[in-house]
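Welcome, and let's take a walk through this structure together. Have the sequence and the 3D view ready, and we will go step by step.

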Amino acid sequence: MKRSAGAVVAVVALLQAAAAVGGPTTRRRLRDLALDDDAHRIRLARLARSVNKIIDEYLGTRSVVMFADEVDVSELGQRLLVDMGHPRLLVQSSAATDARLANGLVVYLEPEARAQRRDGRSADYDAVLGRLPSSDHSRHMVLWEGSQRPGDRVDLHRIQMLFEAFWHHQLVDVAVLVPVYTGSIRVYSFNPYTGSRCNGAGPPIMVNVWSSSTDAFVRPDRVFGLDNKLKDLHKCPLKCLGIHRPPVSTVVQTEKGFKLSGSGLRIINFIQEYMNFTGIVTMAVGHSGVHFVSETALSDNDSSPIGVKVKHKKVDLAFGRFTRIFDSESDVEFIKEDQMECFTWGLPSGIGHDPTLWINYVAEFSLVTWILIIMSIILAFGVVVTLSQLTSMLKQPAATISWSPLFILFYTYGTFIGAPIKVTPKSCALQVFLSNWLLYSLVVTSAYQAYLGSLITIPQTIPEINDQHTLLKTDLNLVGRQDMYYLINSSAGSSNDFKELVDRYQILPPEDFSHFIQRILLKRDTAVLASKRELIFYAQRYKTIFNDSRHLHVLPTCTIESYSSTFMLRRGSPFRHRISTIMSRLSETGIMQQWDRENLREEQVHNIVFTEDTILSMSQSFGAFVVLFFGLFLGFCAFIGEIIVYLINKFCIRHTKQIMFIN
């Protein structure tokens with residue numbers, strides 16, 4: 001029988017008063033009741049100590065959550081709060097706002113009063129569990145507080161009803177702790193998927209026993225953990241909803257029917273074999289509203305978005321390619337958002353402006369290379385002027401250049417472009433420097449002339465538009481899906497381009513996207529904003545249909561980026577952790593990336609005219625500048641040698657004159 005602390009004190013006081021007026025029989029009964037009360041307190045302290053140790057072993061970084069209305073009527077709950085050393089939180093089970101905070105290790109107290117109510121017990125738990133936050137990180141521990149007498153049997157039927165209430169909300173990480181009269185604690189759990197049962201709680205399974213003598217479990221089996229329960233689903237059926245998001249998952253109509261393909265279908269087949277379940281696959285097309293494809297699994301004729309169907313448990317998991325831009329919905333989550341989804345423009349190829357003639361003359365070298373070439377000409381001019389002036393100071397007329405600085409500038413530029421100049425310097429320093437300067441000039445001018453020659457021998461590619469700012473200057477109709485309009489409208493204040501885009505944006509009618517791409521290629525008056533993967537998929541497809549005569553050009557830059565995932569699950573789904581682990585292994589081994597590459601050949605798409613690969617960068621012209629600076633170093637060394645020779649000759653002449661004067 002349950003007693004609060006105040007009730008025990010009152011009962012003891014009444015018993016003492018009765019003993020004062022009673023006889024030997026009354027005193028004997030009072031002594032037995034006192035001994036029974038002492039034994040009750042000892043068992044309660046031992047049970048609280050054991051439960052606290054179990055909580056210490058399985059708590060981790062979680063907080064302990066208990067319900068205040070249960071603790072008020074439970075001696076065990078009050079004792080746990082006093083002895084527990086971990087962070088704990090008391091919430092009201094009847095308050096929805098408080099129940100949303102119950103995330104961690106949630107402890108339920110099953111009092112004897114509730115145990116006597118066989119009918120409606122599950123409904124009481126349904127009301128509490130329906131207010132809890134959707135999370136698969138929480139663990140649930142139910143403490144049994146029934147009478148503990150020799151010969152009492154555990155009511156397994158009531159525990160099974162309790163498990164059914166938890167599984168109704170797809171809560172699997174649940175353990176029921178039932179103390180027995182010997183002081184041990186039996187731990188019961190359930191498995192919703194077995195060889196003989198699918199999607200049901202089933203009879204309770206005693207997974208372990210806590211020994212009061214050793215203060216430890218008798219078996220090494222873990223009490224909590226989702227992986228062991230959902231590792232093998234024993235061919236049980238799961239409802240899988242696939243969405244047409246090419247090229248990850250595609251639905252193509254052929255003469256024989258519909259053909260399903262893509263890396264998403266490969267992944268769902270791999271997970272089906274790995275987790276050993278039977279997937280009931282239904283395919284749908286569309287973004288805001290879905291339309292089910294015939295010849296796949298039967299649907300419930302519900303055209304609501306994918307996120308709503310997952311949220312309301314109409315499907316167990318959805319696969320394809322999902323982003324928060326199109327598929328944002330409360331109480332759903334995405335599995336391993338490992339890729340960035342790029343949203344850009346697709347437009348007819350060849351509508352850009354032809355580059356001016358002078359672009360052909362300046363597009364050969366990168367900006368850094370052009371700056372270094374100009375600086376090298378200035379450097380060579382300065383070196384020639386300096387060496388010519390210094391050699392004239394050495395009074396060597398035969399070895400000097402008596403040109404003016406303006407003529408030296410013409411001489412330097414003429415030698416750089418390969419103009420014929422007959423005048424040859426006589427100074428050794430200038431000869432050494434200019435020999436390397438001529439080699440440097442030969443390399444640079446040869447590369448430049450070869451590029452200009454290729455403009456005649458190699459036909460130019462069709463000019464393309466490669467940024468949104470240039471696209472807005474055209475008269476093309478800018479269209480896209482309704483979801484994308486909401487996104488660019490929210491970003492209208494970030495730049496003038498987005499403001500203009502919102503004004504010109506037209507929402508697509510709910511029709512097949514592939515037919516709209518075909519209309520773009522035929523009329524060539526529209527640009528569409530969509531996923532880059534999807535645009536590249538249709539670019540490859542229609543490149544073959546039109547026999548390589550019409551191309552869909554895809555802008556290389558992204559207008560909007562968002563993380564994407566292959567799977568969508570209901571928040572708190574028990575399958576989230578298992579599927580996330582499988583997806584991580586597929587990504588780490590590179591299998592998922594290989595499947596994506598097989599379904600997406602981006603290098604086959606018609607590309608742009610001028611890219612960074614068509615110009616000579618600094619890394620390709622590095623050798624020419626090495627020759628130039630090496631010649632500068634050798635010329636400097638030769639100049640130092642000339643000064644030394646001049647000083648030695650001057651010293652010798654002066655010493656010779658002094659000897660002749662003495663004689």
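To talk about how helices meet, we need an axis for each one: here an axis is a line fitted to C-alpha atoms, taken for helices over the stretch in contact, and angles run from 0 to 180 degrees between N-to-C directions. Keep in mind that this is a predicted model.

With that in hand, look at helix α20 (residues 513-523) and helix α21 (residues 532-545), whose axes come within 11 Å and cross at roughly 65°. The crossing of α20 and α21 is right-handed. On the α20 side, the contact is formed by Phe513, Ser514, His515, Ile517, Gln518 and Leu521, while α21 brings in Glu534, Leu535, Tyr538, Arg541 and Tyr542. Sorted by class, the residues where α20 meets α21 are six nonpolar, three polar and two charged.

Now turn to strand β9, residues 205-211. Is β9 largely enclosed or largely open? Five of its seven residues are buried, so β9 is largely enclosed by the rest of the structure. Buried here means under 20% relative accessible area.

Which strands pair with β9? One of them is strand β6 (residues 185-189), which pairs with β9 in the antiparallel sense over five bridges. Within this pairing, arginine 186 stands opposite valine 209 of β9. Strand β10 (residues 216-217) also runs antiparallel to β9, joined to it by two bridges. There, serine 211 has alanine 216 in β10 as its bridge partner. β9 and β10 form a hairpin with four residues between the strands, and in this hairpin aspartate 215 takes a positive phi near 50°.

Terms used
Residues numbered from 1 in each chain as written. Predicted model: local features only at pLDDT ≥ 70, side-chain atom pairs only at ≥ 80, totals over all residues. Heavy atoms only, no water. Buried < 20%, exposed > 50% of the residue type's maximum accessible area, 1.4 Å probe, protein only. Pairing = 2+ DSSP bridges. Left-handed = near helix turned anticlockwise from the far one by under 90°. Contact = heavy atoms within 4.5 Å. Nonpolar A, V, L, I, M, F, W, Y, C, P; charged D, E, K, R; others polar.
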